[in-house]
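Work through the exercises below with the sequence and the model open. Try each task before reading its solution.

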Amino acid sequence: MQNPAKVRGIFSSIAGRYDVANHVLCGGLDFLWRARAARMVAAWQPRDILDLATGSGDLVLAMQRALPQARIVGADFCLPMLKMAARKGLRSLVVADGTRLPFADRSFDAVTVAFGLRNMESWPRALREMCRVLREGGHLLVLDFSMPRQPFAAIYRFYLHRVLPLAAGLITGNRSGYEYLGESIEAFPSGASMCRLIGDSGFRAPRAIPLAAGIVSIYTAEKSGDDPRS
Ligand SMILES: C[S@@+](CC[C@H](N)C(=O)[O-])C[C@H]1O[C@@H](n2cnc3c(N)ncnc32)[C@H](O)[C@@H]1O
């Protein structure tokens, strides 16, 4: 659970360098993770997709390639990040907070959120909002960092808390923003805990797919018939 003003401030300050930092610090693997997510979404054949916390729009671009006929809306609460997405030619962009979405109930067939849910003020509230705007039987896909198991966890923690803030600070000029990244990854539920959270927010059949030795996971679920607000 994160402070929204702090999060918006961090992303506003790094927006111009976000993509470079992202690709360098992930060694380019983030392209593969988003492509994998886009293929999974394409298998559901959705017509209307919301990409929440779309940031600079890379998941929308990957989904457009996999699903050229789909209507994809990108939403984010940080205007400088959306401006980076607009520079890449994305047009369906909306300034919106993931915990208070300005969309009617049952507007989308799929909701995706990549590296965004972790940054939100209330994960359950954001998940319930995603559920609300999905049609019955609609699909959720969450892509985010997770903590790998031992013995890899110790090496990963060293990278996360020592190497990454230093390298990212040099690229973006905002070292503290990347100290926040490590803290947010440690605090974010992964694996079975995340599946429980998703299941408690109105979704059925939550599934976790760990990638890259578990440093990233994809979670999928479907909107169940039961309205979580009732
Ligand atoms: C790490 S970036 C991810 C961007 C993009 N999805 C990607 O895969 O590169 C996180 C994004 O989440 C957005 N964000 C954080 N909290 C949000 C919220 N409550 N509502 C909407 N967007 C939010 C930030 O503004 C930022 O653009």
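**Exercise 1: The shell around the ligand**

Task: Find which helices each supply at least two residues of the shell around the ligand, and describe the shell by residue class.

Solution. The model is a predicted one.
Step 1. Helix 1 (4–14) and helix 4 (58–66) each give at least two residues to the shell.
Step 2. Helix 1 contributes the most, with three residues.
Step 3. The shell around the ligand holds 21 residues, and those that come nearest are A53, G55, C78, G98 and A114.
Step 4. By class, the shell has 11 nonpolar, seven polar and three charged residues.

**Exercise 2: The overall build**

Task: Count the helices and strands of the protein, then decide how its radius of gyration stands against the globule rule.

Solution. 
Step 1. The protein has nine helices and seven strands.
Step 2. For 230 residues the globule rule gives 17 Å, and the radius of gyration is 16 Å, close to that value, so the protein is as compact as a globular protein of that length.
Step 3. The C-alpha trace spans about 45 × 40 × 30 Å along its principal axes.
Step 4. Of the 230 residues, 45% are buried.
Step 5. Among contacts with a separation of 6 or more, 66% join residues 24 or more positions apart.

**Exercise 3: Two partners of helix 7**

Task: Describe how helix 7 packs with helix 8 and with helix 2.

Solution. 
Step 1. Helix 7 (residues 152–172) meets helix 8 (residues 175–187) at an angle of about 145°, and their axes are 7 Å apart. The crossing is right-handed.
Step 2. On the helix 7 side, the contact uses L160, H161, L164, P165, A168, G169 and T172; on the helix 8 side, it uses R175, G177, Y178, E179, L181, G182 and I185. These divide into seven nonpolar, five polar and two charged residues.
Step 3. Helix 2 (residues 18–25) also packs with helix 7 at about 145°, with the axes 10 Å apart. This crossing is right-handed.
Step 4. V20, A21, V24 and L25 of helix 2 touch L164, A167, A168, I171 and T172 of helix 7. Here the classes are eight nonpolar, one polar and no charged residues.

**Exercise 4: A covered helix**

Task: Decide whether helix 6 is mostly covered or mostly open, and list what its buried residues pack against.

Solution. 
Step 1. Helix 6 (residues 123–133) is mostly covered, since eight of its 11 residues are buried.
Step 2. The buried residues are W123, A126, L127, E129, M130, C131, R132 and V133.
Step 3. They pack against strand 1 (48–52), strand 4 (108–114), strand 5 (134–145), helix 9 (192–199), strand 6 (203–211) and strand 7 (216–223).

**Exercise 5: Backbone exceptions**

Solution. 
Step 1. Most residues other than glycine have a negative phi, and most peptide bonds are trans.
Step 2. P151 lies in the loop between strand 5 and helix 7.
Step 3. A205 is not a glycine, yet its phi is positive, about 55°. With 12 other C-beta atoms within 10 Å, A205 is exposed.
Step 4. A213, also not a glycine, has a positive phi of about 60°. A213 counts as exposed because it has 12 C-beta neighbours inside 10 Å.

Key
Residues numbered from 1 in each chain as written. Predicted model: local features only at pLDDT ≥ 70, side-chain atom pairs only at ≥ 80, totals over all residues. Axes fitted to C-alpha atoms, helices over the stretch in contact; angles between N-to-C directions. Helix = DSSP H or I, 4+ residues; strand = E, 2+ residues; numbered from the N terminus. Left-handed = near helix turned anticlockwise from the far one by under 90°. Contact = placed C-beta atoms within 7 Å. Nonpolar A, V, L, I, M, F, W, Y, C, P; charged D, E, K, R; others polar. Near = placed C-beta within 6 Å. Rg over C-alpha atoms; globule rule 2.2 N^0.38 Å. Buried ≥ 20, exposed ≤ 12 C-beta atoms within 10 Å, placed from the backbone.
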